[in-house]
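Please read them with the model open.

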Amino acid sequence: MAQYEAVIGLEVHVQLNTATKLFCRCRNHFGDPPNTNVCPVCLGLPGALPVVNQAAVAHAVKTGLLLNCTIAAFSKFDRKHYFYPDLPKAYQISQYDLPVCRAGWLEILLNEQPRRIGITRVHMEEDAGKLMHDEGGGGSVVDLNRTGTPLLEIVSEPELHSPDAAYAYLTTLKQLISYLGVSDCNMEEGSLRCDANVSVRPVGVTTLGTKVEIKNMNSFKGVHKALSYEIERQTKAVSAGQAIVQETRLFDTVQEKTVSMRSKEEAHDYRYFPDPDLAPMTFSAAQVEAVRATLPELPRARKERFAAQFALSDYDATLLTSERAMAEYFEATVQAGASGKAAANWIANNLLTALNAAHLTLAQCRITPAQLADMIALVESNAISSTNAKNDVFPVMFATGASPQAIVDEKGLRQVSDTTQIDAWVRAALEQNPAVMAALTSGKAKAAGTLVGAVMRLSQGKANPALVNARIAELTRAYLPPPPEPA
Ligand SMILES: [Zn+2]
């Protein structure tokens with residue numbers, strides 16, 4: 001039996017997080033009451049004129065540069081016509097033949113090997129409204145808050161050959177776009193959506209098989225499952241000598257399979273033409289270079305710098321740069337005086353665990369980087385023990401946002417490093433333990449170790465453990481028999 005390979009191309013829609021919509025000044029915000037962020041422009045009322053949002057254009061150019069694209073010197077908006085109840089003016093403003101960005105690539109890691117996936121184009125377009133069915137009354141209702149929201153459509157070349165590769169592409173793309181700060185990439189709120197084109201062909205064949213488009217995948221795991229199902233379905237069909245029907249299929253998230261939605265036989269004619277209400281956009285080389293200069297340090301470069309500058313392990317450097325907010329939190333903690341190693345340990349081992357347990361993001365964290373650095377300084381100056389820091393100080397900081405100094409003072413946790421006080425505890429411990437004294441006088445030096453627990457109890461855990469060990473060694477030496485004379 002012939003071996004088959006899958007050929008996958010992805011179309012990703014990213015909602016830009018500009019303050020206002022793409023062609024009007026309505027608020028661009030998820031979750032407001034229905035039909036409150038609307039105006040004649042985004043309602044598509046006759047005579048209303050769109051004006052392009054320059055912040056959205058800047059986001060598009062930045063994203064194009066992030067994806068190694070060529071930025072068009074000349075780009076325009078086109079009308080894409082279709083009728084649907086969520087699109088009041090019966091055309092969507094999109095870009096047809098002259099998108100802002102084209103011919104780029106995205107590097108992904110597949111089985112730890114870097115691979116470049118071609119980016120065909122990145123174009124700007126407006127979103128449609130949102131239909132809700134059976135919301136009461138038995139009919140459907142429409143919320144037009146989303147109409148006119150700025151979107152980028154990022155189209156990959158058909159260069160992905162497995163569900164794993166598609167998954168790696170999507171996670172890498174999401175990480176980079178989040179770093180750029182142009183979208184929050186929240187799939188649950190619809191600010192990142194993905195459709196896939198998939199076909200199969202015998203290994204060694206270079207022409208493409210008949211492709212099927214899959215829609216309705218609402219998570220990266222869903223994309224993986226839908227592609228796995230669809231590749232298997234097509235491979236079985238082709239192996240059995242059946243033809244693949246060119247069609248659009250929906251992913252059924254409950255049954256985890258794709259189901260036929262509509263045949264592409266009735267391919268749409270969108271009657272694209274340039275939008276006469278919008279002037280074309282031009283970008284000079286100097287403008288593009290000015291935008292390039294504003295690109296942030298990206299995860300891989302930052303990871304390498306962290307590893308070198310702060311002597312972090314590969315694991316810690318990867319973890320701390322996985323999100324821009326975390327990388328910035330870490331650097332702010334170091335700038336506030338903590339060592340890189342200590343900051344990395346506290347963030348990776350304590351802070352992230354606490355955030356996960358509380359279902360909070362770093363943006364919602366009540367501990368500021370400066371407070372974390374202060375707490376690390378208290379541990380390193382022996383003002384508090386690391387056990388007290390972990391168990392008594394950090395959890396209160398996390399819950400209340402109080403400063404570590406205030407918590408230490410309020411709980412009386414300040415570690416005792418005064419040798420006169422520690423010596424008094426050591427003598428008291430010796431008096432309470434005559435058996436230890438007897439063992440020492442008979443030459444068993446190790447018996448002194450059993451005094452540590454007694455001293456810590458006497459000090460209520462506040463004695464500096466390193467000093468306790470040193471003072472016990474010093475004060476018990478007198479009880480030991482003299483060392484034998486050298487022969
Ligand atoms: Zn509007």
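This is a predicted model: local features need pLDDT of at least 70, side-chain atom pairs count only at pLDDT 80 or more; totals for chains, interfaces and linings use all residues.

1. Domain layout. The chain is assigned three stretches: domain 1 covers 4–288, domain 2 covers 299–411 and domain 3 covers 419–479. Between domain 1 and domain 2, the C-alpha centres lie 38 Å apart. In the contact between these two, domain 1 contributes 6 residues and domain 2 contributes 8 residues.

2. Buried area. Domain 1 and domain 2 bury about 540 Å² between them, and 48% of this area comes from carbon and sulfur atoms. On the domain 1 side, Glu107, Gln175 and Tyr179 account for 88% of the area buried against domain 2, more than any other three residues.

3. Salt bridge. The interface of domain 1 and domain 2 has 1 salt bridge by the rule applied. Arg300 and Glu107 form a salt bridge through their side chains, with an N to O distance of 2.1 Å. A cut-off of 4 Å is used for such pairs, so the Arg300 and Glu107 pair qualifies. Glu107 is also one of the three residues named above for buried area.

4. Polar contacts. Domain 1 and domain 2 share 4 residue pairs in polar contact, counting pairs with both residues at pLDDT 80 or more.

5. Make-up of the domain 1 side. Helix H3 (residues 163–180) supplies 4 residues to the side of domain 1 that touches domain 2, the largest share. Sorted by class, this side of domain 1 holds 3 nonpolar, 2 polar and 1 charged residues.

Technical notes. Residues are numbered from 1 along each chain as its sequence is written. Side-chain values use heavy atoms; hydrogens and water are left out. Domain bounds come from an automatic or database domain assignment. Contact means heavy atoms within 4.5 Å. Buried area is the accessible area (1.4 Å probe) that two parts lose on being put together, summed over both. A polar contact is a pair of N or O atoms within 3.5 Å; within protein, one must be able to donate a hydrogen and the other to accept it, and residues adjacent in sequence count only if both atoms are side-chain atoms. Helices (H or I, at least four residues) and strands (E, at least two) are DSSP runs, numbered from the N terminus. Ala, Val, Leu, Ile, Met, Phe, Trp, Tyr, Cys and Pro count as nonpolar, Asp, Glu, Lys and Arg as charged, and the others, Gly among them, as polar.
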